[in-house]
Amino acid sequence: MVVLWALAVSALGALSEPGVTAVDFLEKVRAKSLNLDPGGDTALAPQTTGPKRLEIARRLERMARDLGREPLEVGPVKLDDDLAAVLVRKVGGFNPADMQVFPVALVKRGTRWAASPVPASFENTGVRHTTSLRNRLTILENWMLREQSLELENLRDQSAERLRQTIHESLLPTTVRGFTAQQAADRFLAACRQRNLPEMLGLLGGLSAPLPDDWPLRLRFAERAVNAARAVNRPWRLLMADEVLRTRARPEGDGENARVSIACLDPAGCPSPTTQPRIELVALELIKAPDGGWRIDPPDDFFSDGETPDRVADEHLDAELLKQFPRQLAELYPPAPRATADQARHDLFAALQTENPAALMRLIRLDANPMVARQSCLRAASVWWSLREPLGVHSVLPLATMAHGDVSAHACQFFSAQHPERLDLRIFYFEKSPNGWCWAPEPCPEAKASCLTWSNNESLRWPKKWIETALTDSVILDHFPLSEAPADEASRQLVASWLQAIEAGDLVAALRFTARLSTPDSNATLLQNLGYEMTGAHLNPQSPTITHVFRGSHCAAVATRTEVANDRRCPLYPVVATPAGPRILLEIDLLASPNRSRDFLNKAALARLRAFSELAADDLATLMTQHQAQTE
């Protein structure tokens with residue numbers, strides 16, 4: 001018995017080894033990290049011509065697109081001594097149309113298996129084509145082509161049963177049969193928000209027998225929406241995005257058919273006719289299936305690649321839904337007035353940084369006139385989105401406060417990394433109710449009137465004043481410090497903390513780590529460079545790596561590296577000693593690069609520093625030379 005078990009394990013190992021190699025080969029193709037040189041990641045023969053290698057590379061690039069992101073698993077394996085054929089399945093998801101089988105030919109060189117770079121073929125592997133060997137190769141290649149079709153057919157036949165089992169594990173048919181129309185709609189909306197694909201599919205008809213006529217479309221579009229994560233497109237976005245605020249009307253209909261309307265406030269706005277937030281409606285039809293369970297039928301454009309129709313609520317036809325929207329939001333997010341205006345203001349700025357605008361609703365009174373309350377919701381969503389929209393980096397800089405009886409107003413600069421010198425003054429109003437202080441996105445005329453003179457004065461005062469306020473914690477250098485350069489570890493820690501503030505988009509924290517020259521253009525240059533850094537960090541998912549710390553006589557410099565695709569950036573951040581400790585001299589912008597235009601910019605930055613201090617410029621130029629040598 002022990003001998004038989006050992007033989008079985010040995011046979012399994014022999015089968016799995018080429019299978020593991022085949023999967024590893026395809027993973028490298030997918031990641032576009034395959035070394036196609038002879039002796040690299042494939043069995044490519046050294047005598048393969050350049051044009052042929054280019055053709056193979058293009059074919060593998062197309063294969064990378066077909067591989068997608070779904071997991072791979074080893075399928076059937078056929079061994080013939082030092083040759084092997086492996087079928088690798090792509091089975092992620094539930095859509096049979098997305099399932100694929102990839103044939104991989106392998107040859108054994110010594111103790112190592114290597115994949116042929118040409119799918120389903122031993123071409124260009126350097127295998128000698130004797131008559132007997134050619135027959136073996138032909139048998140394996142024919143097996144791959146024949147079994148590929150059979151394996152794919154089996155996978156697709158099994159997918160329906162696999163889907164039913166997965167749905168049953170998440171949502172029992174008996175549970176669905178016990179739902180009312182309202183419960184079915186609520187469960188579907190919860191599944192959409194949680195991106196629970198099995199439950200979504202179950203309520204879209206995946207538990208029905210027979211399946212809906214348009215089931216392939218339902219399956220494809222629901223799966224696509226879930227896989228899109230935060231980038232989900234409309235109209236699915238209205239039901240799935242975390243930042244969308246939703247309320248639901250009571251179902252309308254009889255025992256066999258029902259209709260549920262969902263009012264949605266998307267802070268990103270609707271595509272037309274304006275990008276400003278507006279309340280949009282989604283109507284879900286519910287149909288009672290023969291087995292007694294409810295099936296959700298969203299509008300047709302949920303299962304179409306066509307244009308999304310205008311869903312903006314009609315002021316006349318949907319008047320009751322619009323009227324109820326603020327009240328229902330207040331039930332979901334009960335307002336919690338603060339004891340003081342300062343506390344309300346503090347909590348407002350904290351809520352503006354959260355991942356969705358729900359926290360803002362707790363700071364607003366929604367029990368006033370329904371029209372005013374609705375406008376307050378829209379204004380709050382717009383303010384939240386102006387700080388969160390994906391194409392920009394924004395930060396709130398408090399400037400001044402005014403209080404007058406039961407009204408308080410606060411002026412803020414909305415800093416934009418894309419336009420770092422532009423003034424975007426916003427005034428927030430807070431009103432005191434019997435229960436405490438609330439934010440008033442749509443303040444009453446009396447509140448605005450009481451602050452009118454102050455707000456007008458602030459609008460005149462802050463275009464020149466706000467930059468000085470923003471730079472309060474940035475150390476001014478009247479002369480270049482001749483003290484010893486900051487220590488390596490202190491410089492490294494300073495830049496690491498600064499990079500964290502940049503990635504967080506925290507303007508005040510980032511400026512706290514900087515110093516600036518006492519020259520007329522230093523303020524503008526510092527803010528401009530800070531904007532570049534914040535924008536770059538926002539667009540680049542990879543955090544910079546600190547690679548070196550260089551130390552001169554009077555200043556240090558910290559080198560970082562960031563790689564995006566084939567683009568490498570290697571900036572050098574000057575660090576100087578100040579009475580407040582080491583600080584980054586961000587306005588001196590240096591970057592190691594073979595690009596001549598960049599070299600010109602480096603020289604211009606050093607020339608600017610030289611006009612302030614020749615000693616500092618010479619010191620930093622030496623460090624820049626060392627940095628350039630390290631990156632070549």
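The side chains of Arg-234 and Asp-266 pair up in a salt bridge, with N and O 2.8 Å apart; a salt bridge here is a side-chain nitrogen of Lys or Arg within 4 Å of a carboxyl oxygen of Asp or Glu. Arg-234 sits in the loop between helix H7 (215–227) and helix H8 (236–240), and Asp-266 in the loop between strand S7 (257–265) and strand S8 (279–288), so this pair ties together parts 32 residues apart in sequence. Helices (H or I, at least four residues) and strands (E, at least two) are DSSP runs, numbered from the N terminus. Arg-234 and Asp-266 are both buried, where buried means under 20% relative accessible area, exposed over 50%, and partly exposed in between (1.4 Å probe, protein chains only).

This is a predicted model, in which local features need pLDDT of at least 70 and side-chain atom pairs pLDDT 80 or more, while totals for chains, interfaces and linings use all residues. Residues are numbered from 1 along each chain as its sequence is written, and side-chain values use heavy atoms, leaving out hydrogens and water.

Two other pairs sit within helices. In helix H14 (residues 452–470), Glu-458 and Arg-461 are 3 residues apart, about one turn of the helix, and their closest N and O atoms are 3.7 Å apart in a salt bridge. Glu-458 is buried at 5% relative accessibility, while Arg-461 is partly exposed at 42%.

Back to Arg-234: salt bridges with shared partners join Arg-234, Arg-237, Glu-243, Asp-266 and Glu-280 into one network.

Over in helix H1 (residues 2–31), Arg-30 and Glu-27 are 3 residues apart, about one helical turn, and form a salt bridge at 3.0 Å between the closest N and O atoms. The count comes to 39 salt bridges.
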